[in-house]
Amino acid sequence: MTSEPVSKLSVEVNINGTTHRSEVESRTTLWELLSERLHLTGTVRSCNRGTCGVCTVLVDGRPFYSCHLLAGDVNGKSLTTIESLQSDRIVSTLQKAAYSCHAAQCGYCTAGWMVAAKTLLEKRLDVTEQDVKETLAGHLCRCGAYKSITRAILQAAEELRSGKGDVAPSTEHSVIVPMPMVRDYSTGGGHGESQTLVEGDERITTVKWQGHPPAGLGIIGKPIPPLPEVSKPKISGSAEYATRVVRDGMLYAAVLGSPHPHARISRIDASRAGSIRGVHLVLTCENAPEKNPLGRELNFQGDIVAVSFAESEDIAEDALDAIQVDYEKLPHVGSLDDALKTDAYPLRPEGNMLSIDKEDPAYFADATARWSHGNVEQGFADSDIIREFTYRYGGATVLPMQPLSGVAEWDGGTLTFHGMAQGINASRKQLSQWLGIDGKNIRFVDKWNGGTFGARMTLRPLDGLIAHAAIITGRPVKYTLPISSEISQVALKPEVLQKFSVGAKKDGTIVALKCDAYQTVGFTDKTPTAGTPLNESARDQFLLYGVRIPNWQLTSYCYKTNTPLVGAARSNTQQEFKLGFECMMDELAEEFGRDPLEYRLRFVSRPGDVLSPASDWGSEFGKKIELENGGLKFDSYASVEVIREGEKTFEWEHRAYADIGKGGVCRGVGVAVVDHHGGQLGWREGEAGFERSKGDLFNAEIVLDSAGTITLKNVQPESGTDHDTSIAQTISELLGYKSIGKIRLLWGDSDIGVESAAWFGGRTNTLQGGAVLVAAEKLLGDLRKRAAAFLGAGAGELEIEDGVVHVKGSSDRIVSFAELARHAGGTIRQWGVTKTGPGKGRALVRSVGACFAEVEVNIMTGVWRVKRIVFVQDAGKVINPLLSEGDMDGAFIQGLNTTADGIPWDRTAPGHMLAGMAFLSYRMPTIKEVPDEIRHVFIESLEPRWYFGYKSFGETAIGAVPSAIVNAIYNATGVRIREHPITPERVLEEMRKKVLSG
């Protein structure tokens, strides 16, 4: 704490051609001066440690991190920020190229790398990919858009050099493999010639493709840049992330976290903190709101002790330093190893292992849950060979580039909250509960956020405290967490221990498989259900292989620990569980002298296969209304095509590497195959399942106006997927438009007046997009009726093309959509609704993916690097290849991140994280770690239950990355890494053991 007032100084600086004079504290950073004092919000802040490049500005023409310079350091200098560069020829060309190449996904890092790229192109225009990598080595992109960023810079250089105009958007490293609408198999009629599907004992009938087949398409399947109102503000530096919101009279919050994994506050005194000039409020366990309290017992490192609110972040942090806290340290369970000890400290009277409800069929008294199929003990008795395997996953996290942040404003009756989550209405409801305010009096805004990746799916109690402070003080309140505080407030990937027992015949046929899976869940008493992330992803692999394994058993053990909560962090526990499963498949293939691909093909599920009884794979499967004799059939499931197309593209037959190359470098290749849900495909209003299924609702409204513009209203935030562009393509296709130029978007704001559940797991295009398509169908029917009356023709005589309705064979009997809207009083509105079903949607709408990796390993250092990747995805109809390519680039980069690094625990003190964390605390992939070659293969396994045959895919293949890399390292070195994270030290140690063992 600063016991004496901090010295101040006058700073005069020329910013974007205008001289600014300001009195600042000597500790004020340049970023603070620019953003919080002068309201130049184009330069955002992320790490605040000079490690990510997001806040880059030009100082006398040279790039600097503005978070790492003091305002006093630039006194008398000339600064350039993104705001002034819109008319700069280089930057405007870069921005145009970035838009065309989809180089701004969440967009949070865009302004920073664009400023740095400007300095590169000012020096020379004949730049290479290596030049780009060298220039942007210090600029992180959490979305993994490095390939698109590189392409945009090279494209801009070419345009500046040659003077050529726009370059059409295209995909450079993707292959789409179309599959026919009519196949040589038919499950429920889905791939036959019939125009309906008939499913289950109740003969539930679905119109195939919802009446809109994937044939003769004009817009769907084209690489179209994102909607400009969504994407261009990211590129220009004007997208309103919560960190960019600045209000007059704003207070800033700082958070004091517990230094201990388990402790009790025996005394806390915040009186000195409250007396510091500029401090307006300090919340502790003694005065926090009753509905959102701060406890005296602190249950993990970083658990909130106090929150201070002051006129600057620095003063708020001074207040934290002045708070006097006496902690009584308590015994703790800081890791999975701690939890598994027989004398583990009891965090709950019933024991630290949680259990599902006794009424659930998967209830098992001695575990969290158990699922089984066949008779696993008999299977082992019938086996010729029994093998055991153990794998450990150390946990991981995918922190967004945008720090956890929010701004609350209270006007005496209404709260406006600019937040960061994966849902609008759910977030408003959370605030309503914490504050005791009617949700109608809360406006929640989240139009753009700098990635959430599941780690920030929902709001945290801290958001409620920020809103409470705004109400108490009557001032706008903002918080922006540093990474060291943020990591305790997001969902983390858990520690997982997997123990497999496999019984097989001499020819390698698996007849029995048992898996005991242990995981941490963080500090929670919430009883896991059949949908607990570990259980869900564990059973995914039993869906992939378990149909052809006659006897299997999965037992789950989930433990409460003194650690932050676990959850989705770019997919629900996929990497954690699938790492062990896919390494085991490789080890079994070697055991029986089989090619790893061919061995997997012996067991993967295929269309026509039946889960019987389906309830063995989970109680939710036993509740689906498509059950037939208790079973469910696989339908749109391209398992064989994924493996075979990946094999061909990767040239798998050349996989062996026998020699160590120069510098002690060897290469190897590996593969992993994974199953995941296909976007949680649901039911549209009017279908049998819509009325009969319980699930989340997704609503949409579309409005046609007198200018012929279609306004799409949905409340989902934009986190980098640009899902609304794909949705715009589907409704444009349905309405007969030739482009998406007539589509406008209102999104990310509860005041829009449309309510929907949150998005995750690929639910945007299927469920939110489905609601839009239902509304578009209604609009189309309405327009046909109006046009028929207007033109005096029968509905069957009409044709529609690009917003115009005309009578067949007549060139003068026409009416436009715009004119029909004018005759209707100016607008025509329609609404649509979709709903999830039990067990994440309909029947077995699954997706399967694979990762083929070539890895280079230095046997002297253990350092490994992915050199070549082929990512294969069972995708359904690909709506927009440009966006799909970007999504898969990001999935791989984030999968690479979670392979190489775990949570930065202090390994000598379980439950404690390393202090002073920033992005460099991780082995986070930079642009230099991007493989030399990335190929994406999309298998268009048309989904017959849904519009145009599409389904979602963004989370599927990501689960294969860690195990593919581990299998490749084994192929290169002959050492099997069975413990995550896959660090150079671990690789080197295993190679040392191999040498010592002879």
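This is a predicted model: local features need pLDDT of at least 70, side-chain atom pairs count only at pLDDT 80 or more; totals for chains, interfaces and linings use all residues.
**About the model.** Local features need pLDDT of at least 70 and side-chain atom pairs count only at pLDDT 80 or more, while totals for chains, interfaces and linings use all residues. Numbering starts from 1 along each chain as its sequence is written, and side-chain values use heavy atoms, with hydrogens and water left out.

**View 1. E25 and R27 pair up in a salt bridge.** Here the N to O distance is 2.7 Å; a salt bridge means a side-chain nitrogen of Lys or Arg within 4 Å of a carboxyl oxygen of Asp or Glu. E25 is buried at 13% relative accessibility, and R27 is partly exposed at 22% (buried is under 20% relative accessible area, exposed is over 50%, partly exposed is in between; 1.4 Å probe, protein chains only).

**View 2. R151 reaches E172.** This salt bridge has an N to O distance of 3.9 Å. R151 sits in helix α5 (residues 146–162) and E172 in the loop between α5 and β6 (174–178), so the contact ties together parts 21 residues apart in sequence (helices, H or I, at least four residues, and strands, E, at least two, are DSSP runs numbered from the N terminus). R151 is buried at 8% relative accessibility, whereas E172 is exposed at 57%.

**View 3. R868 meets E854.** Their closest N and O atoms are 2.6 Å apart.
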